Amino acid sequence: MHYLERFDVNRDGMIENTGFPDQTYDTWTATGPSAYCGGLWVAAISAMIEMAKILEKDDDLEYYTTLYEKAKDVYATLWNG
């Protein structure tokens with residue numbers, strides 16, 4: 001997860017695509033945040049929260065909960081109706 005955070009170039013909690021095929025659409029290029037990759041990102045953060053709870057990793061729980069709140073707020077803006 002920490003490796004993937006490097007794709008959050010503006011530090012708003014949401015990863016961005018960077019103009020080369022860095023998502024699961026094979027050779028399609030994309031730039032900026034996307035609802036598809038953003039959804040995967042929010043789900044991954046949610047899974048990290050659950051793992052931190054099970055493992056009783058309070059620091060990780062706090063970190064990923066904060067990141068989740070930021071990411072879900074950005075994710076909500078990727079939909080317009």
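The structure, a predicted model, holds 2 aromatic pairs, a pair being two rings of Phe, Tyr or Trp (its six-membered ring) whose centres lie within 6.5 Å, with planes under 30 degrees apart counted as stacked, over 60 as edge-to-face and the rest as tilted.

| Pair | Centre to centre | Angle between planes | Class |
|---|---|---|---|
| Y3 and F7 | 6.2 Å | 80° | edge-to-face |
| Y63 and Y64 | 5.0 Å | 85° | edge-to-face |

Accessibility is classed as buried under 20% relative accessible area, exposed over 50% and partly exposed in between (1.4 Å probe, protein chains only). Y3 is exposed at 53%, whereas F7 is buried at 17%; likewise, Y63 is partly exposed at 33%, while Y64 is buried at 2%.

F7 and Y64 also belong to the largest nonpolar core, which has 11 residues, among them M14, I15, W41 and V74; such a core is a set of buried Ala, Val, Leu, Ile, Met, Phe, Trp, Tyr and Cys residues joined through side-chain atoms within 4.5 Å. Two or more of its residues come from each of α1 (35–54) and α2 (58–76), helices being DSSP runs of H or I with at least four residues and strands runs of E with at least two, numbered from the N terminus. Leaving aside residues up to four places away in sequence, I15 touches L4, F7, D8, P33, C37 and W41, contact meaning heavy atoms within 4.5 Å.

The mean pLDDT (the predictor's confidence in each residue, from 0 to 100) is 87, and 83% of residues reach 70 or more.

Residues are numbered from 1 along each chain as its sequence is written, and side-chain values use heavy atoms, without hydrogens or water. Local features need pLDDT of at least 70 and side-chain atom pairs count only at pLDDT 80 or more, whereas totals for chains, interfaces and linings use all residues.
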